[in-house]
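Let me write down what I look up, one entry at a time.

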Amino acid sequence: MLTMFKCRKKFSSASSTSSREASPVGVYRPRGLSAATAPMYSQQREVFSRGDHVQDTHKQWAALGAWFMGPKAENGEVFRDLLTQAIDTHIGFRRSYFPCDPPYVTDDLREAGSFQNTMNNLRSEMDNLQKELMNSVPFFSSRYKGHVLWDTVMPANLGYMSAMLFNQNNCASELSTVTSKFEMEVGTDLCVMLGYDRNKSMGHLTAGGSVANIEAVWAARNVKYFPLGLQEALQTDDRLAEARGYKASFILFGSYEHVPF
């Protein structure tokens with residue numbers, strides 16, 4: 001649901017005929033609204049009292065303003081600078097890796113018609129992509145109330161974009177010498193947040209919430225039925241015959257059991 005608050009001023013004939021499709025690229029404007037007739041938040045309205053928070057470093061909730069790009073991209077320049085820094089760092093990483101190696105993309109290759117056509121197509125499709133994305137749902141805006149979604153924080157976006165440039169594969173540590181370490185740190189932090197001992201717990205990142213839920217059910221099932229599976233293996237597998245008769249205690253289905261093998 002997109003909640004649109006009633007504007008105080010009447011729409012002019014010009015604003016009533018404007019539409020999002022007619023807005024220039026980079027300017028999101030809902031149908032029937034102009035910049036002058038949508039004063040949901042007045043520029044004169046102080047969100048926080050200046051005397052209350054400007055010099056007060058103890059009110060940590062004010063730091064949230066530094067976490068997000070902002071509904072009006074108030075921190076857009078900071079985000080651009082940091083993202084540019086990430087791109088420049090990656091470019092430097094590629095250029096400094098065995099700098100004596102010859103380049104693949106040479107001047108002769110750039111002059112080829114197929115190369116130039118491909119580059120022109122890339123720029124054209126990139127421009128089309130940006131125009132299409134302007135029709136996205138404005139989750140970042142306080143005008144949008146629905147789907148239990150809101151904006152994503154700048155640290156997450158910048159970290160994601162930075163890591164994507166290096167394209168590591170966390171399925172094996174030798175393919176992700178840095179990002180696998182990051183994944184282990186995140187998993188440990190999540191365990192500690194949930195009250196587990198950091199030295200006796202671990203976690204890892206999945207592709208999304210659905211995969212995480214399925215994996216959690218799979219792990220819970222294995223933990224729950226491991227004692228029963230072990231008992232059956234000891235009783236039926238001759239290779240474990242020497243372990244038969246060993247007594248151990250398990251918690252099965254919420255009750256304490258003394259199980260002889």
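Predicted model: local features only at pLDDT ≥ 70, side-chain atom pairs only at ≥ 80, totals over all residues.

**Entry 1: the overall layout.** I take helices (H or I, at least four residues) and strands (E, at least two) as DSSP runs, numbered from the N terminus. On that basis I find eight helices and two strands in the protein. Reading from the N terminus, I get the order α-α-α-α-α-α-α-α-β-β.

Residues are numbered from 1 along each chain as its sequence is written, and side-chain values use heavy atoms, with hydrogens and water left out.

**Entry 2: burial and contacts.** I looked up how much of the protein is buried (under 20% relative accessible area; exposed is over 50%, partly exposed in between, with a 1.4 Å probe and protein chains only). Buried residues are 15% of the 261 residues. Next I checked contacts, meaning heavy atoms within 4.5 Å. Of the contacts with a separation of 6 or more, 44% are between residues 24 or more positions apart.

**Entry 3: α3 against α6.** How do α3 and α6 pack, by angle and axis distance? Helix α3 (residues 76-96) and helix α6 (residues 154-166) pack at about 20°, and their axes are 10 Å apart. The axes are lines fitted to C-alpha atoms, for helices over the stretch in contact, and angles run from 0 to 180 degrees between N-to-C directions. So I call α3 and α6 roughly parallel (angles under 35 degrees; over 145 is roughly antiparallel, 65 to 115 roughly perpendicular, the rest oblique). On the α3 side, the contact includes Phe79, Leu82 and Phe93; on the α6 side, Met154, Leu158 and Leu165 are among the residues. I sorted the contact residues into eleven nonpolar, three polar and one charged. Here Ala, Val, Leu, Ile, Met, Phe, Trp, Tyr, Cys and Pro count as nonpolar, Asp, Glu, Lys and Arg as charged, and the others, Gly among them, as polar.

Entry 4: Most residues other than glycine have a negative phi. Phenylalanine 98, though, has a positive phi near 45°, and I found phenylalanine 98 in the loop between α3 and α4 (107-111). Histidine 147 has a positive phi too, near 65°. Histidine 147 sits in the loop between α5 (113-133) and α6. Is histidine 147 buried or exposed? Histidine 147 has a relative accessible area of 57%, so I log histidine 147 as exposed.
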